[in-house]
Structure formats: C-alpha cells, structure tokens
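Please look at the sequence and the model below before reading on. The paragraphs that follow go from the whole chain to its sheets, its cores and its disulfides.

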Amino acid sequence: MKTSWRNASLVATAAFVLALTTACGQENGGASSQNVGATQPAGGIDLGAGGSAAGSGAGAGAKEQEGAAPQGAAGKLAVLDSQQYGKVLTDSAGFALYRFDKDTAEPPKTTCEGECATTWPPVPASGATAAEGVDKSLIGEVSRPDGTKQLTIGGWPMYRYAKDTKAGDVKGEGVGGAWFASAPDGKKAAGGGVGKGDKGSGSAEAIGDLPGLSTRNDPELGEVVVDKNGMTVYRFEKDTPWPMKSACTGACLEKWPVVEPVDAADTKGIDNKNDGRRGYVVLNRPDGLKQQSIDCWPLYTFAGDKKPGDTNGQGVGGTWYAISPEGKALGKPK
C-alpha cells in the first residue's frame with residue numbers, strides 16, 4: 001500500500017511539474033509572424049506645444065472649448081490631492097495650474113504668447129495668496145511682453161488650460177511633452193516628467209517606489225497595468241494566449257519592447273496566480289528574450305509613451321490595447 005501511495009504521489013508531482021513547464025500551452029516558447037502595426041495611435045496624439053516657444057506654436061486645440069477655464073485672479077491657492085498626479089496646485093476655484101518647459105524660472109520668463117496664451121491663459125499675479133501647503137515665499141510675478149503681471153510659483157510662470165472644464169480636471173498634463181501640472185512648490189507634480197534642471201516634486205521617488213508590475217486608474221480606461229517605471233503595459237491582439245505565442249518580432253520589438261519577467265511577489269493588484277492553464281508565467285521566446293505574461297497574454301510597453309500616464313499605444317493598428325490586471329484588453333471595440 002505504501003508503495004502504491006508513493007507511486008501515485010510521484011505521478012501527481014510529475015503532472016504538476018509538467019503543467020507548470022507547459023503553462024499557457026508553451027512549446028519551446030514559440031513566436032510567429034511579425035506585425036509592427038501603425039506608428040500613430042488611433043485618433044492621433046494631441047501634441048499641444050509642438051511649435052516655437054514664443055508665439056503661436058503651443059496652441060494646438062485652441063479652438064476646442066476656448067475659455068472654459070477661468071481667466072481671472074487665482075485668489076487663495078489650494079492643493080489638490082490627485083491619485084494619478086500627486087499634489088497639484090490649483091486656484092481658488094479648484095482649477096489646476098500648469099507650467100511650461102519652454103519658460104524659465106531662473107530668471108522667471110514667459111514664452112507663451114498669442115494663440116498659445118488662448119489655449120493656456122496666463123494666471124494674473126494680483127490677488128494670489130498662499131494656502132495651507134503652499135510656501136508664500138515662493139509666490140512671485142513676472143512681467144509679460146504685453147506689460148501684464150503673471151503669477152509665478154518658485155519662479156515658474158503659471159497657466160490654466162482651456163480644456164479643463166471643471167474643478168479637478170488635469171487634462172493639460174503632459175500635452176506636447178512640455179506642459180505639466182504644477183506642484184505646490186512650482187516643480188512638476190508627481191505625474192510629470194523631469195527636465196530643465198528640475199528634479200520634479202516627488203516624481204523620481206514615486207516612480208522608484210513602484211513594484212515590478214502594479215496598476216493605476218486611468219480616467220478613460222479604468223484600472224491599467226503599469227511597469228516599474230509607471231509606464232502603461234499593453235497586449236497585442238495578434239498574439240495567442242493558448243498556446244502562448246508572440247507575433248511581435250524583429251523591428252516590432254523596437255516599438256513594443258517586451259516586459260521582462262517580474263517575480264509574483266514584486267507585484268501589486270495583479271492577477272499573478274499560476275495554475276498551469278491561466279497564469280502569471282514567463283514566455284521563453286525563440287529570439288532568446290524572456291517575456292512576462294498575464295493570463296497567458298505576453299506583455300509590452302510602447303516606445304511612443306514618453307512618461308507615466310501616457311497611453312499613446314492604445315488602439316494602434318486596431319491591435320494594441322492597454323491591459324487590465326486580469327489580462328483583458330481595455331477599450332477594445334466590441
């Protein structure tokens with residue numbers, strides 16, 4: 001009886017190991033044909049400040065919802081605690097204040113004029129007062145070319161965004177890769193990139209604290225998987241989950257880098273169970289790369305995403321979609 005029990009145990013163990021090694025139906029990794037997909041996302045990218053620093057270049061979208069944000073004095077400044085962007089400076093009405101990378105803080109200088117100033121109304125300096133969490137010594141002003149005085153925080157000229165239609169909107173974050181919500185000290189809020197000698201306001205620390213894979217709440221897509229750098233993670237509809245194969249090879253990988261293996265313990269909010277059929281397993285690709293998967297879908301990031309929160313890869317070629325923590329394609333047309 002003992003021998004029979006031991007034999008049965010060995011058979012069960014062997015079956016379990018086989019299930020793990022063939023999880024998601026892998027057979028020596030497996031990758032099939034290449035498909036790079038379109039180079040522009042469906043619907044295009046709002047480049048915003050794509051033109052020259054002085055004058056009209058930064059006014060993309062100026063004809064859409066012009067003047068939606070208030071254009072008067074900021075009043076008593078406040079701080080919005082945004083789950084996505086961290087602490088964001090707002091005016092007394094709750095509208096986010098922004099800074100422009102083509103401006104300078106030392107010395108303070110504004111470069112947004114003409115059409116740009118229609119899309120990004122400068123905040124008048126008069127009447128602005130500090131609120132809790134805002135150092136009043138950082139509040140200042142800069143003279144604009146038209147002679148008016150513009151509010152500065154930490155030397156950075158402050159703007160509103162015409163497409164912010166209600167208090168709490170932060171639609172201007174990252175527009176053109178040059179416009180960012182301001183933190184209470186005038187640096188970039190936690191969602192913004194780091195540039196122009198600016199260490200940001202907790203940006204590096206917030207990104208550095210992320211696990212290998214986690215999630216964030218996207219205002220359009222819901223709960224989206226992000227990598228250790230906070231970058232959006234995607235799945236490719238030409239891949240197959242069973243048997244698990246990647247159809248993105250060669251030049252495709254330059255635009256869509258694979259997500260490298262991430263230990264299950266180094267995740268937060270991810271469906272990382274491995275039961276041999278549906279699981280959080282690694283794809284051993286024929287090109288030698290190892291690629292993390294969720295629910296047997298290989299994971300990628302997009303080279304067109306330049307900062308945390310970007311979803312420029314969403315809908316590209318009708319085959320690339322941000323992925324949910326359960327492995328589902330988000331925003332995919334039914």
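A residue is called buried if its relative accessible area is under 20%, exposed if it is over 50%, and partly exposed in between (1.4 Å probe, protein chains only). By this rule, 47% of the 334 residues in the protein chain are buried. The model is predicted: local features need pLDDT of at least 70 and side-chain atom pairs count only at pLDDT 80 or more, while totals for chains, interfaces and linings use all residues. Residues are numbered from 1 along each chain as its sequence is written, and side-chain values use heavy atoms, with hydrogens and water left out.

The protein chain has 4 helices and 18 strands. These are DSSP runs numbered from the N terminus, with at least four residues of H or I for a helix and at least two of E for a strand. A contact means heavy atoms within 4.5 Å. Of the contacts in the protein chain with a separation of 6 or more, 67% are between residues 24 or more positions apart. The accessible surface, from the Shrake-Rupley method with a 1.4 Å probe, is about 15800 Å² for the protein chain, and carbon and sulfur atoms hold 53% of it.

Next come the strands. Two strands pair if DSSP finds at least two bridges between them. Strand S10 (residues 213–218) and strand S11 (residues 222–227) run antiparallel and are joined by 6 bridges. Together S10 and S11 make a hairpin, with 3 residues between them. Within this pairing, Arg216 has Val224 of S11 as its bridge partner.

Another set of 3 strands forms an open sheet in the order S15-S16-S17, with antiparallel pairing. Strand S15 (282–284) and strand S17 (297–298) each have a single partner strand and stand at the edges, so one side of each has no neighbour in the sheet. S15 is joined to strand S16 (residues 290–294) by 3 bridges, and Leu283 has Gln291 of S16 as its bridge partner.

In soluble globular proteins, nonpolar side chains tend to be buried together. A nonpolar core is a set of buried Ala, Val, Leu, Ile, Met, Phe, Trp, Tyr and Cys residues joined through side-chain atoms within 4.5 Å. The largest one here has 17 residues, and Tyr98, Cys112, Trp120 and Trp179 have the most contacts inside it. At least two residues of this core come from each of strand S3 (98–100), helix H2 (115–119) and strand S9 (179–181). Another core, apart from that one, has 16 residues, including Cys248, Cys252, Tyr300 and Ala322.

How many disulfides does the structure hold? There are 3, where a disulfide is a pair of cysteine sulfur atoms within 2.5 Å. One of them joins Cys24 to Cys296, with an S to S distance of 2.1 Å. Cys24 lies in the loop between helix H1 (2–21) and strand S1 (78–82), and Cys296 in the loop between S16 and S17, so this pair ties together parts that are 272 residues apart in sequence. The torsion about its S-S bond is about -75 degrees, so the disulfide is left-handed.

A disulfide also joins Cys112 to Cys116, and both of these cysteines are buried. With bonded cysteines counted along the chain, the disulfides follow the pattern 1-6, 2-3, 4-5.
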